[in-house]
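Trainee: I would like to go through this model by question and answer, from helix packing to the sheet and then to one residue.

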Amino acid sequence: MINAEEHIQLWNAAAIKVIDVRHFSMMHGEELRSYLFPSSVFLYAIRGEAQVLLDGIEHSAKRFHLWHGGKGTCLDIFPTEAEFEYYLIFYRATIPSTGQREILYLMERYNPFQLQYGLAPLRSAVLFDKVDNMLKEWQSSRTLEKFHVKTLFYQFVYELLWQLEHQQIGMKRPNLAAQVIRYIQEHYREPLTRESIAQIFHYSVPYVSRQFRQETGISMIDYVIRERVNKAMEYLCKTDMTVQEASASVGYDDVSYFTRIFKKYTGMTPKQFKDQHKAKKAGFDYPIIRVGSSLFPRRLQRYIIGSGYENHYRYKREGDLSMYRNKSAMGVTLLLCLTLLLSACSGAGSSNNGSVASPAPAATADGNAQVQASASNGGAASAAEMVTYSAVNGEVKIPKNPQRIVIIAGAFVGHLLALGIKPVGAGEEAFNSYTEGKLDGVESIGDGIAYEKILELQPDLIIVWNDPAVLEKLNQIAPTVVVDYGVPVRQQLLEFGKMTGREDQANAWITAWDKKIADYKPKVQAAVGDKTVAIFDSGSAKEFYAYGNKLGRGGEIIYGEFQLKAPPIIQKEAIDSGTGWAKLSLELLPEYAGDYIFINEWTGKDNPEAIFEGSMWEQLDAVKNNRVFREKGRGFMFSDPVSLDAQLEFVVESFIGE
């Protein structure tokens, strides 16, 4: 919950753009269903009454009531009187990346432009005058009147904030996971990434990913895949589509890849599925794999903002499923899937390391599954000697010498490899150019927490990021240890050595590393001298990131091991501050640019935007003197032993050509 004072601070710091102002009238018997807000929106009722739903939450709307919802909010309206009349005001608000740190922090935590709230204004006539004048000015074609709309909007917001402050109105976050699911259900055919989804809802990638996993138990990308496969099953079952046509219809141009994904989630190829259905001829009940498939409506009404401010509604009908507002449906569905999977595995024989598979979980009355492991957490480790390890998440009983490790925190896989350990499963980020050839036979568990896949691997130890929301479920599978990012490599590796019973191997790597640094450090320092070095990471077309002495990208080596100088502003913002990074506007590039520049160009996209170019870029001394070094490998972002070894070669070669 956000208080009024914080709400006002963020409004005061925001850059505002009014996108549209509209007036609508609905008669009794008419309905507005499942309309998704394309931006932040104020809804102001001026006549009649209606039942208004924001993301499925019911409100009784009377004249002069006001509501707010963020981008992606789902609106339903059902008039309860002869006529219901209202205004919609669409706007976009952004906080400049160069703003004060406390404002940026507040925005990251609260984002008032996404909050949902409503109120009955104390001074309804004042708000009505502002809104009515906004509409009149908006309908004018003159630029000056359009500018006047913005001034009226600020007056409208001032009155609103005054009302919030005096009425102490409660504001709450929308169900972000529900909004993401609706978006995926409508856009599953399009290229979707965590980054593109987070951008739609104006939140950071980690925040959206975390909220989605907490609500559904799976990652956003896994949900996208399930949605696509489920839709493909419908096409193959209900139409004469070929496998190639079904693949293209759900967004997969590569039929081979589509076939592998389809088989992974259904147990059969698309052709086998289609042939099986034909053989049965009628009454085939294909398995539903969509998590929470009945939670949200499939008939979506999209608002289109066209050129010349010509706006209209477009209906996209894909069936007429009734709304089902049980928030626990997704979690229950997932746990039932886990139950079925464990039941299927319970009859399996011994694993390749001699451990016996765990029995199937028992489902409790409230729909939660409890994994019953023999002796201790993790069937594979049941007979192993257990020790107590002091982890970030407290004292954890783990095997003395774990044999089957799943490392969900893929950025740490290099710590295991440096100790001579190959995990049985790893997060998707573990597979990059730096680990190529070192992870043969290791299963990718994807991007997120793939509980079913982890269960299949029968781990005796799980290593994960610090995310309390997933610990309870993971601990039901095997002992789970939390690790923090940004810990110095020597300290972190020694911890991995203690965790796995390989402290000798950890010390051996550290000794070899220290020798390399001792050999290269004087040569690099002599070549660079008093010149400064900056480390940049591409952001968007208008901003970028500077990195310090942690969080990878060569910073641990350049500023830490070699003790080279950073530009003063990077030293202050990214190193002395302890954050390890700073988000910057491109206008500040000359202030941050060093005599040498290293750029991390990995973005996760095939065609990343080129932001380090143009006249300002070409005037930098580092560019003129050919002292700009670019690295596109994903491993350049990490600070594990394997990544640091590769970064060391790149950094040394860049400075001295060795």
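Mentor: Before the first question, a definition: axes are lines fitted to C-alpha atoms, for helices over the stretch in contact, and angles run from 0 to 180 degrees between N-to-C directions. The model is predicted.

Trainee: At roughly what angle do the axes of helix α5 and helix α8 cross?

Mentor: Two packed helices are described by the angle between their axes and the distance between the axes. Helix α5 covers residues 176-187 and helix α8 covers residues 220-238. Their axes come within 10 Å, and the crossing angle is roughly 40 degrees.

Trainee: Is α5 parallel or oblique to α8?

Mentor: The axes of α5 and α8 cross at roughly 40 degrees. Angles under 35 degrees count as roughly parallel, and 65 to 115 as roughly perpendicular. The angle therefore makes α5 oblique to α8.

Trainee: Is the crossing of α5 and α8 left-handed or right-handed, and how do the residues of the contact divide?

Mentor: The crossing is right-handed. On the α5 side are Val180, Ile181, Ile184 and Gln185, which meet Met220, Tyr223, Val224 and Glu227 in α8. By class, the residues of this contact are six nonpolar, one polar and one charged.

Trainee: In what order do the five strands of the open sheet lie?

Mentor: Strands of a sheet pair through backbone hydrogen bonds, either parallel or antiparallel. Here the pairing is antiparallel, and the order is β1-β8-β3-β6-β9.

Trainee: Which are the edge strands?

Mentor: An edge strand here pairs on one side only. From one strand of the sheet to the next, the twist averages 15 degrees. The edges are β1 (15-27) and β9 (117-119).

Trainee: Which residue in β9 stands opposite histidine 68?

Mentor: Strand β6 spans residues 66-69 and runs antiparallel to β9, joined to β9 by three bridges. Opposite histidine 68 stands tyrosine 117.

Trainee: Which helix packs on the sheet, touching β1, β3, β6 and β8?

Mentor: The strands touched include β3 (40-47) and β8 (83-94). The helix spans residues 124-138, and its direction makes about 100 degrees with that of β1. The helix is α3.

Trainee: Is tyrosine 158 buried or exposed?

Mentor: Tyrosine 158 is in helix α4, residues 143-167. Its relative accessible area is 55%, and the cut-off for exposed is over 50%. Tyrosine 158 is therefore exposed.

Trainee: What separates the C-alpha atoms of tyrosine 158 and isoleucine 8?

Mentor: Along the chain the two residues are 150 residues apart. In the model, the separation of their C-alpha atoms is 9.0 Å.

Methods
Residues are numbered from 1 along each chain as its sequence is written. This is a predicted model: local features need pLDDT of at least 70, side-chain atom pairs count only at pLDDT 80 or more; totals for chains, interfaces and linings use all residues. Side-chain values use heavy atoms; hydrogens and water are left out. Helices (H or I, at least four residues) and strands (E, at least two) are DSSP runs, numbered from the N terminus. Angles under 35 degrees count as roughly parallel, over 145 as roughly antiparallel, 65 to 115 as roughly perpendicular and the rest as oblique. A crossing is left-handed if the near helix is turned anticlockwise from the far one by less than a right angle, and right-handed if clockwise. Contact means heavy atoms within 4.5 Å. Ala, Val, Leu, Ile, Met, Phe, Trp, Tyr, Cys and Pro count as nonpolar, Asp, Glu, Lys and Arg as charged, and the others, Gly among them, as polar. Two strands pair if DSSP finds at least two bridges between them. Buried means under 20% relative accessible area, exposed over 50%, partly exposed in between (1.4 Å probe, protein chains only).
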